[in-house]
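Biologist: I would like to learn how to read a two-chain model feature by feature, beginning with the general idea each time and then turning to the case at hand.

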Amino acid sequence: MTRADPFVEIDHVIFGYDASRTILNDVSLSFERGRVTAILGGSGCGKTTLLRLIGGVFPATSGQVRIEGEVVDATNREQLFRLRRRLGMLFQFGALFTDLSVFENVAFPLREHTDLDETMIRDIVLMKLNAVGLRGAAPLAISEVSGGMARRVALARAIALDPELIMYDEPFAGLDPISMGVAANLIRTLNDSTGATSLVVSHDVQECFTICDYAYLMSSQGRVVAHGRPEELSASEDPEVRQFIRGEPDGPVRFHYPARPLAEDFGIRA
Amino acid sequence: MAALITPLGRKTLGLLRVLGHHATFFADLVRNMPSVVRRPYLAVAQVHAIGNLSLLIIVASGLAVGFVLALQMYYALSRYGAAESLGLVVNLSLVRELGPVVSALLFAGRAGTSLTAEIGLMKAGEQLAAMDMMAIDPRSRVLAPRFIGGIVSMPILAIMFSAIGILGAYVVAVLLIGVDAGNFWSIMQSGVDVWRDVGNGIVKSIVFGVICTFVALYQGYETQATPEGVAHATTKTVVISSLAILAMDFVLTALMFSTT
(Lines give C-alpha, C1' and ligand atoms only; values in the text may rest on other atoms or scores of the structure.)
Protein backbone atom coordinates (compact mmCIF):
# COMPACT_ATOMS: atom_id res chain seq x y z
CA MET A 1 0.00 0.00 0.00
CA THR A 2 3.02 2.27 -0.02
CA ARG A 3 2.64 5.28 -2.28
CA ALA A 4 5.11 7.94 -3.42
CA ASP A 5 6.55 10.30 -0.77
CA PRO A 6 4.47 9.32 2.25
CA PHE A 7 4.45 11.74 5.17
CA VAL A 8 2.87 9.26 7.58
CA GLU A 9 3.09 5.49 7.31
CA ILE A 10 1.18 2.97 9.37
CA ASP A 11 2.86 -0.37 9.00
CA HIS A 12 1.05 -3.58 10.01
CA VAL A 13 -0.36 -2.03 13.16
CA ILE A 14 -2.35 -4.12 15.62
CA PHE A 15 -3.94 -2.32 18.56
CA GLY A 16 -6.52 -2.90 21.30
CA TYR A 17 -7.35 -0.86 24.41
CA ASP A 18 -7.30 -4.16 26.30
CA ALA A 19 -6.25 -7.67 25.46
CA SER A 20 -9.83 -8.88 24.99
CA ARG A 21 -10.74 -6.64 22.04
CA THR A 22 -8.67 -5.77 19.00
CA ILE A 23 -9.56 -2.37 17.51
CA LEU A 24 -7.06 -2.25 14.66
CA ASN A 25 -6.21 -5.53 13.02
CA ASP A 26 -3.02 -5.51 10.95
CA VAL A 27 -3.64 -2.11 9.40
CA SER A 28 -1.24 -0.63 6.86
CA LEU A 29 -1.81 2.80 5.34
CA SER A 30 0.28 5.64 4.02
CA PHE A 31 -0.56 9.31 3.74
CA GLU A 32 1.06 11.20 0.94
CA ARG A 33 2.64 14.60 1.52
CA GLY A 34 0.54 17.60 0.48
CA ARG A 35 -2.59 15.54 -0.11
CA VAL A 36 -5.95 15.28 1.62
CA THR A 37 -6.50 11.65 2.60
CA ALA A 38 -9.74 10.43 4.10
CA ILE A 39 -10.22 7.48 6.42
CA LEU A 40 -13.80 6.35 6.13
CA GLY A 41 -15.66 3.81 8.17
CA GLY A 42 -18.58 3.27 10.49
CA SER A 43 -18.67 4.22 14.16
CA GLY A 44 -16.32 2.18 16.31
CA CYS A 45 -14.14 0.89 13.49
CA GLY A 46 -11.01 2.47 14.94
CA LYS A 47 -10.68 5.65 12.87
CA THR A 48 -10.13 7.97 15.83
CA THR A 49 -7.85 5.39 17.44
CA LEU A 50 -5.73 5.56 14.31
CA LEU A 51 -5.30 9.33 14.76
CA ARG A 52 -4.35 8.77 18.40
CA LEU A 53 -1.71 6.26 17.38
CA ILE A 54 -0.26 8.75 14.90
CA GLY A 55 -0.18 11.35 17.67
CA GLY A 56 1.51 8.83 19.98
CA VAL A 57 -1.27 8.90 22.57
CA PHE A 58 -1.11 5.11 22.75
CA PRO A 59 1.60 2.69 21.67
CA ALA A 60 0.68 0.13 19.01
CA THR A 61 0.50 -3.45 20.29
CA SER A 62 2.58 -4.42 17.28
CA GLY A 63 3.66 -2.73 14.06
CA GLN A 64 4.97 0.79 13.55
CA VAL A 65 3.72 4.31 12.98
CA ARG A 66 6.26 6.47 11.16
CA ILE A 67 6.24 10.20 10.53
CA GLU A 68 8.70 11.13 7.80
CA GLY A 69 10.42 7.81 8.43
CA GLU A 70 10.79 8.41 12.20
CA VAL A 71 9.13 5.73 14.30
CA VAL A 72 6.64 7.25 16.77
CA ASP A 73 7.53 6.02 20.25
CA ALA A 74 4.59 6.67 22.58
CA THR A 75 6.78 6.14 25.64
CA ASN A 76 9.28 8.84 24.68
CA ARG A 77 7.59 12.12 25.61
CA GLU A 78 10.49 14.25 24.43
CA GLN A 79 10.28 12.77 20.94
CA LEU A 80 6.48 12.91 21.00
CA PHE A 81 6.39 16.59 21.90
CA ARG A 82 8.94 17.33 19.18
CA LEU A 83 6.79 15.50 16.62
CA ARG A 84 3.53 16.96 17.90
CA ARG A 85 4.81 20.49 17.32
CA ARG A 86 4.63 19.61 13.64
CA LEU A 87 1.06 18.34 13.91
CA GLY A 88 -2.27 20.03 14.28
CA MET A 89 -5.37 18.18 15.36
CA LEU A 90 -9.00 19.16 15.12
CA PHE A 91 -10.94 17.27 17.77
CA GLN A 92 -14.45 16.03 17.10
CA PHE A 93 -16.07 18.57 19.43
CA GLY A 94 -13.39 21.23 19.12
CA ALA A 95 -11.90 20.74 22.61
CA LEU A 96 -11.69 24.51 22.98
CA PHE A 97 -10.60 25.97 26.30
CA THR A 98 -13.86 27.19 27.75
CA ASP A 99 -12.21 29.66 30.13
CA LEU A 100 -10.53 31.52 27.26
CA SER A 101 -11.99 33.74 24.53
CA VAL A 102 -11.93 32.83 20.83
CA PHE A 103 -8.84 35.02 20.40
CA GLU A 104 -7.02 33.49 23.37
CA ASN A 105 -7.81 29.95 22.21
CA VAL A 106 -6.07 30.58 18.90
CA ALA A 107 -3.26 32.49 20.61
CA PHE A 108 -2.72 29.64 23.11
CA PRO A 109 -0.21 27.51 21.11
CA LEU A 110 1.62 30.66 19.98
CA ARG A 111 2.03 31.88 23.55
CA GLU A 112 3.17 28.46 24.72
CA HIS A 113 5.59 27.63 21.93
CA THR A 114 6.98 30.95 20.75
CA ASP A 115 8.47 34.14 22.17
CA LEU A 116 6.61 36.36 19.72
CA ASP A 117 5.61 39.79 20.96
CA GLU A 118 1.98 40.68 21.53
CA THR A 119 1.61 42.62 18.27
CA MET A 120 2.86 39.67 16.23
CA ILE A 121 0.61 37.22 18.11
CA ARG A 122 -2.38 39.49 17.52
CA ASP A 123 -1.66 39.67 13.78
CA ILE A 124 -1.19 35.90 13.42
CA VAL A 125 -4.33 35.11 15.43
CA LEU A 126 -6.43 37.52 13.36
CA MET A 127 -4.98 36.06 10.14
CA LYS A 128 -5.86 32.52 11.22
CA LEU A 129 -9.33 33.58 12.32
CA ASN A 130 -9.75 35.42 9.02
CA ALA A 131 -8.85 32.22 7.17
CA VAL A 132 -11.78 30.45 8.84
CA GLY A 133 -14.07 33.50 8.48
CA LEU A 134 -14.21 34.36 12.17
CA ARG A 135 -12.00 37.43 12.54
CA GLY A 136 -15.01 39.32 13.82
CA ALA A 137 -15.65 36.70 16.49
CA ALA A 138 -12.24 37.14 18.14
CA PRO A 139 -13.49 38.81 21.33
CA LEU A 140 -16.35 36.35 21.89
CA ALA A 141 -16.40 33.82 24.71
CA ILE A 142 -16.56 30.14 23.71
CA SER A 143 -20.04 29.90 25.22
CA GLU A 144 -21.18 32.56 22.71
CA VAL A 145 -20.25 30.68 19.52
CA SER A 146 -22.30 27.98 17.79
CA GLY A 147 -21.14 24.38 17.25
CA GLY A 148 -20.09 25.08 13.66
CA MET A 149 -18.23 28.24 14.66
CA ALA A 150 -16.52 26.39 17.52
CA ARG A 151 -15.25 23.81 15.04
CA ARG A 152 -13.82 26.63 12.89
CA VAL A 153 -12.19 28.27 15.92
CA ALA A 154 -10.62 24.89 16.75
CA LEU A 155 -9.41 24.68 13.15
CA ALA A 156 -7.83 28.14 13.43
CA ARG A 157 -6.11 26.99 16.63
CA ALA A 158 -4.94 23.77 14.96
CA ILE A 159 -3.26 25.72 12.16
CA ALA A 160 -1.87 28.50 14.38
CA LEU A 161 1.67 27.13 14.17
CA ASP A 162 1.41 26.17 10.48
CA PRO A 163 1.61 22.40 11.06
CA GLU A 164 2.93 20.03 8.42
CA LEU A 165 0.20 17.48 9.17
CA ILE A 166 -3.36 18.42 10.08
CA MET A 167 -5.57 15.64 11.45
CA TYR A 168 -9.34 16.15 11.43
CA ASP A 169 -11.43 13.93 13.68
CA GLU A 170 -15.00 13.80 12.34
CA PRO A 171 -14.96 17.42 11.12
CA PHE A 172 -18.49 17.19 9.68
CA ALA A 173 -20.26 15.47 12.59
CA GLY A 174 -23.25 17.39 13.92
CA LEU A 175 -22.95 20.28 11.46
CA ASP A 176 -25.79 21.78 9.41
CA PRO A 177 -25.40 21.54 5.59
CA ILE A 178 -24.01 25.08 5.25
CA SER A 179 -21.46 24.63 8.05
CA MET A 180 -20.56 21.23 6.59
CA GLY A 181 -19.86 22.74 3.17
CA VAL A 182 -17.87 25.55 4.78
CA ALA A 183 -15.81 23.05 6.80
CA ALA A 184 -15.12 20.90 3.74
CA ASN A 185 -14.03 23.90 1.68
CA LEU A 186 -11.80 25.11 4.49
CA ILE A 187 -10.03 21.77 4.75
CA ARG A 188 -9.29 21.73 1.05
CA THR A 189 -8.34 25.41 0.86
CA LEU A 190 -6.08 25.30 3.90
CA ASN A 191 -4.39 22.17 2.62
CA ASP A 192 -3.69 23.73 -0.76
CA SER A 193 -2.63 27.13 0.56
CA THR A 194 -0.34 25.88 3.34
CA GLY A 195 1.02 22.81 1.56
CA ALA A 196 0.22 20.70 4.61
CA THR A 197 -0.72 17.03 4.59
CA SER A 198 -4.30 16.54 5.69
CA LEU A 199 -5.88 13.47 7.20
CA VAL A 200 -9.64 13.45 7.53
CA VAL A 201 -11.39 10.81 9.62
CA SER A 202 -15.09 10.74 8.89
CA HIS A 203 -18.13 8.62 8.11
CA ASP A 204 -19.52 11.26 5.77
CA VAL A 205 -18.72 9.73 2.39
CA GLN A 206 -20.12 12.41 0.08
CA GLU A 207 -18.51 15.35 1.85
CA CYS A 208 -15.15 13.56 2.04
CA PHE A 209 -15.22 12.50 -1.59
CA THR A 210 -15.65 16.13 -2.69
CA ILE A 211 -12.41 17.21 -1.03
CA CYS A 212 -10.09 14.22 -0.66
CA ASP A 213 -7.42 13.00 -3.08
CA TYR A 214 -7.34 9.49 -1.70
CA ALA A 215 -9.45 7.47 0.71
CA TYR A 216 -9.22 4.36 2.86
CA LEU A 217 -12.32 2.47 3.89
CA MET A 218 -12.17 0.59 7.18
CA SER A 219 -14.37 -2.24 8.31
CA SER A 220 -15.90 -2.72 11.74
CA GLN A 221 -13.29 -5.43 12.35
CA GLY A 222 -10.55 -2.77 12.24
CA ARG A 223 -9.22 -3.74 8.82
CA VAL A 224 -8.74 -1.71 5.64
CA VAL A 225 -11.23 -3.14 3.15
CA ALA A 226 -10.56 -0.82 0.24
CA HIS A 227 -8.54 2.21 -0.76
CA GLY A 228 -8.16 4.39 -3.79
CA ARG A 229 -9.18 7.67 -5.33
CA PRO A 230 -12.79 8.72 -4.67
CA GLU A 231 -13.91 7.85 -8.20
CA GLU A 232 -12.31 4.40 -7.93
CA LEU A 233 -14.12 3.68 -4.66
CA SER A 234 -17.38 5.01 -6.06
CA ALA A 235 -17.08 2.59 -8.96
CA SER A 236 -16.12 -0.36 -6.76
CA GLU A 237 -18.16 -3.56 -7.04
CA ASP A 238 -17.03 -4.81 -3.63
CA PRO A 239 -20.25 -5.45 -1.61
CA GLU A 240 -18.88 -3.90 1.60
CA VAL A 241 -17.65 -0.78 -0.22
CA ARG A 242 -20.97 -0.46 -2.05
CA GLN A 243 -22.97 -0.86 1.15
CA PHE A 244 -20.99 1.85 2.96
CA ILE A 245 -20.92 4.33 0.09
CA ARG A 246 -24.63 3.91 -0.65
CA GLY A 247 -25.58 3.84 3.04
CA GLU A 248 -27.51 0.58 2.79
CA PRO A 249 -28.74 -0.60 6.22
CA ASP A 250 -27.98 -4.28 5.69
CA GLY A 251 -25.34 -6.15 3.75
CA PRO A 252 -21.90 -7.49 4.62
CA VAL A 253 -22.08 -5.15 7.64
CA ARG A 254 -25.05 -6.55 9.55
CA PHE A 255 -27.82 -4.28 10.83
CA HIS A 256 -28.34 -6.46 13.91
CA TYR A 257 -25.80 -6.79 16.69
CA PRO A 258 -25.00 -10.52 17.11
CA ALA A 259 -27.75 -12.09 19.22
CA ARG A 260 -29.50 -15.38 19.93
CA PRO A 261 -32.19 -16.42 17.42
CA LEU A 262 -35.31 -14.23 17.61
CA ALA A 263 -37.58 -17.22 18.35
CA GLU A 264 -35.41 -18.19 21.29
CA ASP A 265 -35.47 -14.70 22.83
CA PHE A 266 -39.27 -14.41 22.52
CA GLY A 267 -39.97 -18.03 23.54
CA ILE A 268 -41.63 -18.91 20.22
CA ARG A 269 -41.71 -22.59 19.36
CA ALA A 270 -41.09 -23.66 15.81
CA MET B 1 -3.67 -22.89 50.16
CA ALA B 2 -3.10 -21.41 46.71
CA ALA B 3 -6.75 -20.36 46.65
CA LEU B 4 -6.09 -18.24 49.74
CA ILE B 5 -2.77 -16.79 48.70
CA THR B 6 -3.68 -15.91 45.11
CA PRO B 7 -6.42 -13.34 45.89
CA LEU B 8 -4.31 -11.92 48.71
CA GLY B 9 -1.36 -11.50 46.36
CA ARG B 10 -3.61 -9.98 43.71
CA LYS B 11 -5.04 -7.46 46.19
CA THR B 12 -1.56 -6.59 47.48
CA LEU B 13 -0.33 -6.03 43.95
CA GLY B 14 -3.40 -3.92 43.20
CA LEU B 15 -2.79 -1.81 46.30
CA LEU B 16 0.87 -1.36 45.43
CA ARG B 17 -0.09 -0.36 41.90
CA VAL B 18 -2.48 2.31 43.23
CA LEU B 19 0.13 3.59 45.69
CA GLY B 20 2.74 3.65 42.95
CA HIS B 21 0.37 5.56 40.68
CA HIS B 22 -0.28 8.13 43.42
CA ALA B 23 3.45 8.46 44.12
CA THR B 24 4.25 8.93 40.41
CA PHE B 25 1.52 11.55 40.08
CA PHE B 26 2.81 13.39 43.15
CA ALA B 27 6.38 13.27 41.83
CA ASP B 28 5.11 14.62 38.49
CA LEU B 29 3.39 17.53 40.25
CA VAL B 30 6.52 18.40 42.22
CA ARG B 31 8.71 18.03 39.12
CA ASN B 32 6.49 20.42 37.17
CA MET B 33 6.32 23.08 39.90
CA PRO B 34 9.40 25.00 38.67
CA SER B 35 7.70 25.50 35.29
CA VAL B 36 5.39 27.99 37.01
CA VAL B 37 8.35 30.33 37.50
CA ARG B 38 8.14 31.03 33.77
CA ARG B 39 4.45 31.90 34.07
CA PRO B 40 3.82 33.13 37.63
CA TYR B 41 0.52 34.73 36.60
CA LEU B 42 -0.99 31.24 36.32
CA ALA B 43 -0.29 30.52 40.00
CA VAL B 44 -1.49 34.00 41.02
CA ALA B 45 -4.78 33.38 39.19
CA GLN B 46 -5.14 30.10 41.07
CA VAL B 47 -4.44 31.74 44.44
CA HIS B 48 -7.31 34.07 43.56
CA ALA B 49 -9.61 31.26 42.37
CA ILE B 50 -8.78 28.85 45.18
CA GLY B 51 -7.98 31.18 48.05
CA ASN B 52 -9.78 34.45 47.52
CA LEU B 53 -13.04 32.85 46.53
CA SER B 54 -12.93 30.61 49.63
CA LEU B 55 -12.66 33.63 51.95
CA LEU B 56 -16.38 34.00 52.62
CA ILE B 57 -16.90 30.49 53.93
CA ILE B 58 -13.63 30.64 55.91
CA VAL B 59 -14.50 33.97 57.55
CA ALA B 60 -18.08 32.95 58.34
CA SER B 61 -17.01 29.61 59.78
CA GLY B 62 -14.12 31.13 61.75
CA LEU B 63 -16.46 33.65 63.31
CA ALA B 64 -19.02 30.99 64.23
CA VAL B 65 -16.35 28.70 65.69
CA GLY B 66 -14.91 31.63 67.70
CA PHE B 67 -18.36 32.45 69.10
CA VAL B 68 -19.12 28.89 70.16
CA LEU B 69 -15.62 28.18 71.44
CA ALA B 70 -15.69 31.25 73.70
CA LEU B 71 -19.11 30.29 75.09
CA GLN B 72 -18.25 26.64 75.72
CA MET B 73 -14.85 27.41 77.21
CA TYR B 74 -16.28 30.13 79.45
CA TYR B 75 -18.88 27.69 80.86
CA ALA B 76 -16.25 24.99 81.42
CA LEU B 77 -13.49 27.25 82.81
CA SER B 78 -15.71 29.37 85.04
CA ARG B 79 -16.81 26.18 86.81
CA TYR B 80 -13.22 25.86 88.09
CA GLY B 81 -12.66 29.57 88.56
CA ALA B 82 -10.33 29.74 85.58
CA ALA B 83 -12.32 32.03 83.30
CA GLU B 84 -9.35 34.41 83.02
CA SER B 85 -7.57 31.70 80.97
CA LEU B 86 -10.25 31.94 78.31
CA GLY B 87 -8.15 33.97 75.87
CA LEU B 88 -5.28 31.48 76.07
CA VAL B 89 -7.45 28.38 75.65
CA VAL B 90 -9.33 29.86 72.71
CA ASN B 91 -6.14 30.97 71.04
CA LEU B 92 -4.30 27.67 71.47
CA SER B 93 -7.34 25.70 70.29
CA LEU B 94 -7.59 27.82 67.20
CA VAL B 95 -3.97 28.21 66.13
CA ARG B 96 -2.90 24.66 66.98
CA GLU B 97 -5.94 22.62 65.93
CA LEU B 98 -9.19 24.18 64.83
CA GLY B 99 -7.71 26.77 62.49
CA PRO B 100 -5.65 24.37 60.37
CA VAL B 101 -8.07 21.41 60.58
CA VAL B 102 -11.45 23.11 60.11
CA SER B 103 -10.17 25.44 57.41
CA ALA B 104 -8.63 22.41 55.61
CA LEU B 105 -11.94 20.52 55.80
CA LEU B 106 -13.75 23.59 54.43
CA PHE B 107 -11.04 23.95 51.79
CA ALA B 108 -11.58 20.34 50.68
CA GLY B 109 -15.32 20.98 50.36
CA ARG B 110 -15.10 24.38 48.69
CA ALA B 111 -11.88 24.49 46.64
CA GLY B 112 -11.07 20.76 46.38
CA THR B 113 -14.37 19.82 44.77
CA SER B 114 -14.13 22.81 42.47
CA LEU B 115 -10.65 21.74 41.33
CA THR B 116 -11.71 18.12 40.77
CA ALA B 117 -14.80 19.10 38.80
CA GLU B 118 -12.86 21.63 36.72
CA ILE B 119 -10.07 19.21 35.81
CA GLY B 120 -12.55 16.35 35.30
CA LEU B 121 -14.68 18.42 32.92
CA MET B 122 -11.58 19.60 31.07
CA LYS B 123 -10.72 15.94 30.61
CA ALA B 124 -14.26 15.05 29.52
CA GLY B 125 -14.21 17.94 27.01
CA GLU B 126 -10.87 16.67 25.65
CA GLN B 127 -9.21 19.97 26.62
CA LEU B 128 -6.36 18.13 28.35
CA ALA B 129 -5.96 15.79 25.38
CA ALA B 130 -5.94 18.79 23.01
CA MET B 131 -3.24 20.46 25.11
CA ASP B 132 -1.19 17.27 25.09
CA MET B 133 -1.54 17.01 21.29
CA MET B 134 -0.26 20.60 21.03
CA ALA B 135 2.91 19.39 22.77
CA ILE B 136 1.93 21.29 25.92
CA ASP B 137 2.11 19.15 29.04
CA PRO B 138 -1.18 19.60 30.95
CA ARG B 139 0.59 18.65 34.17
CA SER B 140 2.83 21.65 33.76
CA ARG B 141 0.26 24.09 32.31
CA VAL B 142 -2.86 23.10 34.26
CA LEU B 143 -1.98 21.03 37.34
CA ALA B 144 1.23 22.64 38.65
CA PRO B 145 -0.19 26.20 38.97
CA ARG B 146 -3.22 24.79 40.81
CA PHE B 147 -1.01 22.74 43.10
CA ILE B 148 1.03 25.83 44.01
CA GLY B 149 -2.13 27.93 44.34
CA GLY B 150 -3.56 25.41 46.82
CA ILE B 151 -0.37 25.16 48.88
CA VAL B 152 -0.04 28.96 49.09
CA SER B 153 -3.71 29.59 49.83
CA MET B 154 -4.24 27.01 52.55
CA PRO B 155 -2.02 28.50 55.30
CA ILE B 156 -3.29 32.02 54.55
CA LEU B 157 -6.86 30.78 54.90
CA ALA B 158 -5.99 28.94 58.13
CA ILE B 159 -4.39 32.09 59.58
CA MET B 160 -7.46 34.12 58.63
CA PHE B 161 -9.73 31.46 60.15
CA SER B 162 -7.82 31.62 63.45
CA ALA B 163 -7.67 35.42 63.47
CA ILE B 164 -11.39 35.79 62.79
CA GLY B 165 -12.10 33.04 65.35
CA ILE B 166 -10.14 34.96 68.02
CA LEU B 167 -12.07 38.12 67.14
CA GLY B 168 -15.33 36.17 67.42
CA ALA B 169 -14.26 34.84 70.80
CA TYR B 170 -13.40 38.41 71.87
CA VAL B 171 -16.87 39.60 70.90
CA VAL B 172 -18.58 36.87 72.93
CA ALA B 173 -16.18 36.77 75.89
CA VAL B 174 -15.39 40.45 76.35
CA LEU B 175 -18.29 42.35 74.82
CA LEU B 176 -21.15 39.99 75.70
CA ILE B 177 -20.06 38.02 78.79
CA GLY B 178 -17.86 40.70 80.31
CA VAL B 179 -14.49 38.98 80.63
CA ASP B 180 -11.74 41.56 81.21
CA ALA B 181 -10.35 42.66 77.84
CA GLY B 182 -6.82 43.29 79.15
CA ASN B 183 -6.70 39.85 80.68
CA PHE B 184 -8.10 38.27 77.52
CA TRP B 185 -5.29 39.69 75.37
CA SER B 186 -2.40 39.61 77.87
CA ILE B 187 -2.74 35.94 78.82
CA MET B 188 -2.89 35.16 75.14
CA GLN B 189 0.27 37.15 74.53
CA SER B 190 2.19 35.53 77.36
CA GLY B 191 0.96 31.96 76.90
CA VAL B 192 1.28 31.54 73.15
CA ASP B 193 4.65 30.86 71.59
CA VAL B 194 4.87 32.26 68.08
CA TRP B 195 7.09 29.57 66.66
CA ARG B 196 5.91 26.57 68.63
CA ASP B 197 2.16 27.23 68.51
CA VAL B 198 1.49 29.56 65.61
CA GLY B 199 4.40 28.19 63.54
CA ASN B 200 3.39 24.57 63.98
CA GLY B 201 -0.20 25.48 63.12
CA ILE B 202 1.03 27.03 59.88
CA VAL B 203 3.18 23.96 59.11
CA LYS B 204 0.10 21.80 59.65
CA SER B 205 -1.96 23.91 57.27
CA ILE B 206 0.76 23.74 54.60
CA VAL B 207 0.75 19.92 54.89
CA PHE B 208 -3.06 19.92 54.67
CA GLY B 209 -2.85 22.21 51.65
CA VAL B 210 -0.56 19.72 49.92
CA ILE B 211 -2.89 16.82 50.80
CA CYS B 212 -6.14 18.53 49.76
CA THR B 213 -4.80 19.93 46.50
CA PHE B 214 -3.03 16.70 45.57
CA VAL B 215 -6.16 14.62 46.21
CA ALA B 216 -8.37 17.06 44.28
CA LEU B 217 -6.03 17.20 41.27
CA TYR B 218 -5.46 13.44 41.23
CA GLN B 219 -9.18 12.67 41.37
CA GLY B 220 -9.92 15.18 38.61
CA TYR B 221 -7.08 14.03 36.35
CA GLU B 222 -7.79 10.33 36.77
CA THR B 223 -11.58 10.57 36.62
CA GLN B 224 -13.67 8.62 34.15
CA ALA B 225 -14.60 11.25 31.55
CA THR B 226 -18.36 10.87 32.10
CA PRO B 227 -20.90 12.82 34.21
CA GLU B 228 -21.03 9.92 36.69
CA GLY B 229 -17.24 9.76 36.76
CA VAL B 230 -16.90 13.47 37.59
CA ALA B 231 -19.61 13.23 40.27
CA HIS B 232 -17.88 10.21 41.81
CA ALA B 233 -14.49 11.94 41.71
CA THR B 234 -15.75 15.08 43.49
CA THR B 235 -17.28 12.93 46.23
CA LYS B 236 -14.05 11.00 46.60
CA THR B 237 -12.12 14.26 46.87
CA VAL B 238 -14.10 15.33 49.93
CA VAL B 239 -14.06 11.91 51.60
CA ILE B 240 -10.39 11.10 51.00
CA SER B 241 -9.17 14.63 51.80
CA SER B 242 -11.17 14.80 55.03
CA LEU B 243 -9.97 11.42 56.27
CA ALA B 244 -6.39 12.17 55.27
CA ILE B 245 -6.51 15.55 57.05
CA LEU B 246 -7.82 14.00 60.27
CA ALA B 247 -5.30 11.17 60.19
CA MET B 248 -2.40 13.49 59.38
CA ASP B 249 -3.52 15.93 62.08
CA PHE B 250 -3.15 13.19 64.68
CA VAL B 251 0.32 12.30 63.42
CA LEU B 252 1.47 15.94 63.24
CA THR B 253 0.05 16.79 66.68
CA ALA B 254 1.85 13.79 68.17
CA LEU B 255 5.10 14.87 66.54
CA MET B 256 4.83 18.60 67.28
CA PHE B 257 3.37 18.76 70.77
CA SER B 258 4.42 15.45 72.33
CA THR B 259 6.78 17.07 74.87
CA THR B 260 4.12 19.20 76.63
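**Reading the two chains**

Modeller: Before anything else, note that this is a predicted model, in which local features need pLDDT of at least 70 and side-chain atom pairs count only at pLDDT 80 or more, while totals for chains, interfaces and linings use all residues. Residues are numbered from 1 along each chain as its sequence is written, and chains are lettered from A and ligands numbered from 1 in the order in which they are written.

Biologist: How many helices and strands are there in chain B?

Modeller: Helices (H or I, at least four residues) and strands (E, at least two) are DSSP runs, numbered from the N terminus. On that basis chain B has 9 helices and 0 strands, and its C-alpha atoms fill a box of roughly 65 × 55 × 30 Å along the principal axes.

Biologist: Which residues are buried in H3(B)?

Modeller: A residue is buried if 20 or more other C-beta atoms lie within 10 Å of its own, exposed if 12 or fewer, and partly exposed in between, with C-beta atoms placed from the backbone. In H3(B) the buried residues are B:Ile58, B:Gly62, B:Val65, B:Gly66, B:Leu69, B:Ala70, B:Met73 and B:Tyr74. An α-helix has 3.6 residues a turn, so residues three or four places apart point the same way. The buried residues of H3(B) pack against H4 and helix H6 (138-177) of chain B, where two residues are in contact if their C-beta atoms, placed from the backbone, lie within 7 Å. Just after H3(B), B:Gly81 takes a positive phi of about 65°.

Biologist: Why is B:Val90 counted as buried?

Modeller: B:Val90, which lies in helix H4 of chain B, is buried because 28 other C-beta atoms are within 10 Å. Leaving aside residues up to four places away in sequence, B:Val90 touches B:Leu69, B:Ala70, B:Met73, B:Ile166 and B:Ala169.

Biologist: Which residues touch the most other members of the largest nonpolar core?

Modeller: A nonpolar core is a set of buried Ala, Val, Leu, Ile, Met, Phe, Trp, Tyr and Cys residues joined through C-beta atoms within 7 Å. The largest one has 142 residues, and B:Leu86 and B:Leu217 touch the most other members. Helix H4 (residues 86-124) of chain B gives the largest share of this core, 19 residues. The contacts of B:Leu217, not counting residues up to four places away in sequence, include B:Leu29, B:Leu115 and B:Phe147.

Biologist: What is the order of the strands in the open sheet of chain A?

Modeller: Two strands pair if DSSP finds at least two bridges between them. The open sheet of 4 strands in chain A runs in the order E2-E1-E4-E5, with antiparallel pairing. Strand E2 (24-32) and strand E5 (70-71) of chain A stand at the edges, each with a single partner strand, so one side of each has no neighbour in the sheet. Helix H1 (residues 47-54) of chain A packs on this sheet and touches E1, E2 and E4 of chain A. Within the sheet, strand E1 (residues 6-15) and strand E4 (residues 62-67) of chain A form an antiparallel pair over 5 bridges, and A:Asp11 stands opposite A:Gln64 in E4(A).

Biologist: How many residues does each chain give to the contact between them?

Modeller: Chain A gives 12 residues and chain B gives 9 residues. On the side of chain A, the elements that give two or more residues are helix H2 (77-84) and helix H3 (102-113) of chain A.

Key. Axes fitted to C-alpha atoms, helices over the stretch in contact; angles between N-to-C directions.
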